[in-house]
Amino acid sequence: MSFGFTGHALGGGSVGVVLPAAEAQRFRAMLERFVTELERGIHRKGRLRWSRSWDRMFPGPHTEYRLRKEFRLAHAVGMRQTLQDAARRILQRFPDHQEIALDPESVADWFMVCGHAQSLFVTKRWGAKPLQGTFGRGDLEWLVQMRELLAGAALDFYVYEHLEPGDVRF
Amino acid sequence: MPSSTACCPRRPCAPHRRTGTSGREPSVKREKGDGHWTVRLHDDDINTFSGIVYVLHRLLGLPPDRGLGVAREVTHAGLVELMTYPSRQEAEALVRTLQLYGLYSTARESR
């Protein structure tokens with residue numbers, strides 16, 4: 001599946017993205033939904049409580065339950081807030097033209113949000129075969145490909161030029 | 001575990017027989033928190049090489065060639081030990097950031 005956006009390296013970790021109006025609208029809708037659901041803590045209304053949505057977004061950092069709980073108490077709110085702030089910054093600076101120049105900080109915001117907004121469409125994005133299935137497939141792949149584009153362009157496509165035959169390709 | 005204990009746990013080996021020591025040292029009971037904390041990066045089905053290299057470069061300043069090496073290792077081995085810290089809090093701070101960037105990372109105490 002390919003989408004209508006393209007990107008190029010601007011050097012120094014900055015990225016230029018060409019985002020046609022339809023793609024921009026699609027991204028904006030996903031961002032708004034992501035911010036709303038982070039605020040409300042509900043994945044789909046009536047389906048998921050706030051307490052579980054954090055577990056869906058982040059893998060447990062420890063094997064021991066007590067440590068996982070302590071980590072969650074210490075960091076859950078802050079992590080959620082960081083994502084919310086990043087998504088809000090993107091929305092505030094959302095471009096009204098097709099060509100966008102993202103500085104390294106904005107690239108990081110887009111990269112983070114494009115990663116975690118995937119949890120709108122999959123139960124656990126780090127779980128086995130998250131791209132399998134059809135639910136939200138188009139939007140999910142949009143986010144995956146945008147994230148890939150940003151990471152590649154931020155490093156001047158170094159990785160693509162140095163992949164070896166045995167390497168896993170996107 | 002002290003190396004000499006590992007060397008000859010049942011009876012003294014030749015070097016220890018020569019020096020007249022048993023090779024057994026009193027075991028030191030380790031308290032919880034004695035060890036150091038390792039941050040591990042796990043393989044998953046959604047992060048790509050580019051994503052891993054980008055995050056390692058941005059957060060840890062790892063050059064892209066070394067980042068690519070880590071990406072290959074994590075893909076083939078399933079996980080890689082990324083950094084070691086003396087405290088759990090420091091390790092968790094990196095885990096938190098890596099997870100915010102969408103990488104599957106955990107912390108583990110090692111001794």
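1. The second largest cavity of this structure, which is a predicted model, has a volume of about 60 Å³. Ten residues line the second largest cavity, and those closest to its centre are Val144(A), Arg147(A), Glu148(A), Ile46(B) and Thr48(B). Helix H5 of chain A, residues 137-154, supplies the largest share of this lining, namely four residues. Sorted by class, the lining of the second largest cavity consists of five nonpolar, three polar and two charged residues. In the structure as a whole there are four cavities of 30 Å³ or more.

2. Of the 170 residues in chain A, 49% are buried. If one takes the contacts in chain A between residues at least 6 apart in sequence, 66% of them join residues that are at least 24 apart.

3. Chain B can be described in the same terms. Chain B contains five helices and three strands, arranged from the N terminus on as α-α-β-α-α-β-α-β. Chain B has 111 residues, of which 45% count as buried. Among the contacts in chain B that join residues at least 6 apart in sequence, 63% are between residues at least 24 apart.

4. With 13 residues, helix H5 of chain B reaches 18 Å from its first C-alpha to its last, which is close to the 18 Å expected at 1.5 Å a residue. The buried residues of H5(B) are Arg88(B), Ala91(B), Glu92(B), Leu94(B), Val95(B), Leu98(B), Gln99(B) and Leu100(B). Against which elements do the buried residues of H5(B) pack? In chain A their partners are helix H3 (65-92) and helix H4 (104-116), while in chain B they are strand S1 (36-42), helix H3 (49-60), strand S2 (79-85) and strand S3 (105-110). After H5(B) comes Gly102(B), which has a positive phi near 90°.

5. The buried residues of H3(B) are Phe49(B), Ser50(B), Gly51(B), Ile52(B), Val53(B), Tyr54(B), Val55(B) and Leu56(B). H3(B) is followed by Gly61(B), whose phi is positive, near 70°.

6. Asp109(A) lies in helix H4 of chain A and counts as buried because its relative accessibility is 6%, where the cut-off for buried is under 20%. Apart from neighbours within four places in sequence, Asp109(A) is in contact with Ala86(A), Arg89(A) and Ile90(A). Glu73(B) lies in helix H4 of chain B, residues 64-77, and its relative accessibility of 44% means that Glu73(B) counts as partly exposed. Once neighbours within four places in sequence are left aside, Glu73(B) is in contact with Gly78(B) and Val80(B). Glu73(B) and Asp43(B) are 30 residues apart in sequence, and their C-alpha atoms are 9.2 Å apart in space.

7. The aromatic rings form a further topic. Over all chains, the count comes to eight aromatic pairs. One of these is the pair of Phe3(A) and Phe5(A), which is stacked, with 6.1 Å centre to centre and 5° between the planes; both of these residues are buried. The rings of Phe157(A) and Tyr160(A) also form a stacked pair, because their centres are 5.7 Å apart and their planes stand at 20°, where planes under 30 degrees apart count as stacked. Are Phe157(A) and Tyr160(A) buried, partly exposed or exposed? Phe157(A) is partly exposed, with a relative accessible area of 24%, and Tyr160(A) is partly exposed as well, with 38%. Ring pairs also link Phe3(A), Phe5(A), Phe27(A), Phe94(A), Trp110(A) and Trp142(A) into a cluster.

Notes:
Residues numbered from 1 in each chain as written. Chains lettered and ligands numbered in written order. Predicted model: local features only at pLDDT ≥ 70, side-chain atom pairs only at ≥ 80, totals over all residues. Heavy atoms only, no water. 1 Å grid on protein atoms, 1.4 Å probe; cavity = no way out; pocket = protein on both sides within 12 Å on 5 of 7 lines; lining within 4 Å. Points joined across faces, edges and corners; volume = space filled by probe spheres on them. Helix = DSSP H or I, 4+ residues; strand = E, 2+ residues; numbered from the N terminus. Nonpolar A, V, L, I, M, F, W, Y, C, P; charged D, E, K, R; others polar. Expected span 1.5 Å × (residues − 1). Buried < 20%, exposed > 50% of the residue type's maximum accessible area, 1.4 Å probe, protein only. Contact = heavy atoms within 4.5 Å. Phe/Tyr/Trp six-rings, centres within 6.5 Å; stacked < 30°, edge-to-face > 60°.
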